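Colleague: I'm new to this one, could you walk me through the side-chain contacts?
Modeller: Gladly, let me bring it up first.

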Amino acid sequence: MPQWFVRGLRRGLVTTRYPARPDPLAALLPGPPSFRPDALTRQVADDLVQICPSRAFVRAGDELIFDAGACTACGRCRERAPEAVTLSGEFELAATDRAALVKRIPLRDE
Amino acid sequence: MNPGAMDAAAPDAAPSSIEETADVLRRRVARQFGRSLHIRTLDTGSCAACEQEIRLLAAPHYDLHRLGFFFTPAPRHADLLLVTGPMLRAFASAARKTYEAMPSPKLVVATGACALGGVYQPDEFSYGSVAGQLPVDVWIPGCPPSPLALLQGLMVAVDRMAERAWHLTFLSGGAQ
Amino acid sequence: MTAVSSDTPRAMPPVLAGADRTGDAVVVARVPAGQLDVVTGELVGFPGARLADLFASGTDPVTVRMVWALDHDQRYLITETEIDGRQYPALSDIAPAAFAEECEIYEQFGIRPAGGKPLNRVAVPPQSDIKLPRLGRAPAEPLHDVHAPHVVGGHAFEFPFGPVRQVGVESLYYGLVTSGEELVDLYLFTWHKHRGVELRAQHRTPEQALFHIERAEGLGAVGNSWAFAAASEAALGLEPRPAALVARAIALELERLYNHAAAVAAMCQACGLSVGRSAAEIALEHLLRLNAAVFGHRYLFGVIAIGGARVLPDLSALGAGLPVAYSELRRAGEALLTTNSFLDRLEATGIVRHEDSRRLGLVGPVARASGTSGDARVDHPVGPYPALAPVVATQSGGDALARMRVMIAEAAESVRMLDAMMTAAGGDQLGHDENGVGRRSGLGWAESSRGESLAWVELDQAGLITRARLRPAAVRNWRGFDDACRSQNVFTDIPIIEASFWLTVAGTAR
């Protein structure tokens, strides 16, 4: 038993200070994408709808509807259209209203 | 990126409508759990990754106890039901019984893309989402949500952290 | 893939004569239905032969395939048999390892083994208002709610436990048979977690199906998706480039490491040793952050692609993070192996006997702790594994302590191989070459942390899946759990045994 106490004391605290302080893990996490509207043509938007395996995209006219709740951060949209899709770096996504996670992204005027 | 301000909850103004009354009541209930919250977990058909992240909430790196959160296997002792998985139809009655076994007031937090409606579409096997089978108070996206995301979600559930979801635009190139 | 043949020529089972060689590593033999029991009998007795899987496909006729691992010959043998009518020879009478699959085939294809023995419910829930689509034709008679006959002696009584269980574990329904404290019998139901992943894969390309297959068992994403990708590649005639295979192997060893750390933490928790649990969880968290740093995801989702790998590993992050992470795990393991109160709980708990391990066709650390030395990285090596020459860890005790020792030894060996791969990663070509030998169906495998994971894929002319068979290691090993629990154990031993097996419900209920 004593070996455990000695070991633990020697190692010291590992507990994160989150949420009071940032945690370095956050920078390593994959998160939902960010979109550049000026690179989002209708064709690109339709490609994203087709490629997403979790059905996080729907195109409604001149808007791309993105459901961050359905998003698994798999990165397929970013691979398909890197000029239009980047990493958002967000991980604090909790929502009390499911609708808060569904975003309307304007498409490029063509 | 900011880890989310720990806003003090706004003081309650006198409610002037049914909707406001409900909202004030919900916040009062949430704040009641703020100092000590007991969490029960429920797997409605997950791939097991969400469960591993949930288990890590009690691990030294995250230590949910320091925030006044505790796990409990006893439904009668639980305040919050942390739900994973796409709500398989074969499991739905067990899920509802688990929810009903918890005394009010209680909260439900749906966690992971499966529980939020991603990954699986509604079909003969599953409802595709926890919505519709359980009344969800907080939704936590991710596949799986990391323990940090889970902590933020729990803090939002008890009104100790501000929700950021409404303000996120997911637009790059200057907008927010 | 060329097999390394043994030096002394050995008599092959007669079924191999006249088989198609789809490359040296996989051999396919057509077996008429009338011969199926004879062939099974030959293979059961053949040294080094192990029934690795049994599955069906099609309707009118249904084709039944057995996958036999000939571990001493570095080959897999697939027998293909067309079944006319609703019955086929009772394979589980000859090879008990086939029983759970016979039950599954009945539910999904409506054909049953001759002899009329009762079959377990596997994926179909008892609720009559839930009508699930099947892979083939549903059975004509409704399923009865029976489980395999078990002996209830003396004053034993039976009660269900679950599926909602303790904190943070998957849903699982146990049927416990007890005379008080002692476990007389235990059987499992997993129908509440079946998501129909094999069905979902149909009519999709392998690329499209990969997303859900990776998420069939999230804690086995790399092992299972490697097996599926390899099966698809055999069907399509693709050969991943060496650098892609190294990326896969790095991910597979990282997956093994974190799962073994998690298993140690779970064993400590089951024994009430909080300091041990915390120490193992510190190691586990380091390893998950390492995964995120090296491949961009804590659970290594999205590493495997059909034809290669999607992500190049960040080798400098691996070099920087692995020593710290592993030293946490190694020291926790060393301390645990000198903590007598902990060892006492594991010793003689949940014994899987060597003969049961062979009879049931168990795989992975569970089998290796019971004295079998099978490991797909050695017996059916691909990619960098022949050069890495993994040393297979075995124990003979078959108890929870033996399984923990195997996992700890495997972790050390994984680190050695990761160090070797870091210095010889072989470039950044993550794609594939085409070898022009697409066969429209193929077998793939990988030694996941839980054991051999298999997959078999059949494509139509448009390249869409007509049948995807997924057989994670958990499918094999849960049947050993019943036996392990039955061996003079009490209730409080169940969590320890479950942790020492470290399977998932998702891996079998896919």
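Colleague: How many salt bridges are there over all chains?
Modeller: A search of the whole structure, which is a predicted model, finds 52 salt bridges over all chains.

Colleague: Okay, which residue does C:Arg298 meet in a salt bridge?
Modeller: The side chain of C:Arg298 meets that of C:Glu285, at 3.0 Å from N to O. C:Arg298 lies in the loop between α8 (274–295) and β12 (304–305) of chain C, while C:Glu285 lies in helix α8 of chain C, so the pair ties together parts that are 13 residues apart in sequence.

Colleague: And are those two buried or exposed?
Modeller: C:Arg298 is buried, and C:Glu285 is buried as well.

Colleague: What about C:Asp375, which residue does it form a salt bridge with?
Modeller: C:Asp375 forms a salt bridge with C:Arg377, and their closest N and O atoms are 2.9 Å apart. C:Asp375 is buried, with a relative accessible area of 1%, and C:Arg377 counts as buried at 4% relative accessibility.

Colleague: Switching to rings, how many aromatic pairs are there over all chains?
Modeller: The count comes to 18 aromatic pairs over all chains. One of them joins C:Phe159 and C:Phe491 edge-to-face, with 6.1 Å from centre to centre and 85° between the planes.

Colleague: Where do C:Phe159 and C:Phe491 lie in chain C?
Modeller: C:Phe159 lies in strand β8 (residues 157–161) and C:Phe491 in the loop between α16 (473–486) and α17 (494–501), so the pair ties together parts that are 332 residues apart in sequence.

Note on methods. Residues numbered from 1 in each chain as written. Chains lettered and ligands numbered in written order. Predicted model: local features only at pLDDT ≥ 70, side-chain atom pairs only at ≥ 80, totals over all residues. Heavy atoms only, no water. Phe/Tyr/Trp six-rings, centres within 6.5 Å; stacked < 30°, edge-to-face > 60°. Helix = DSSP H or I, 4+ residues; strand = E, 2+ residues; numbered from the N terminus. Salt bridge = Lys/Arg side-chain N within 4 Å of Asp/Glu carboxyl O. Buried < 20%, exposed > 50% of the residue type's maximum accessible area, 1.4 Å probe, protein only.
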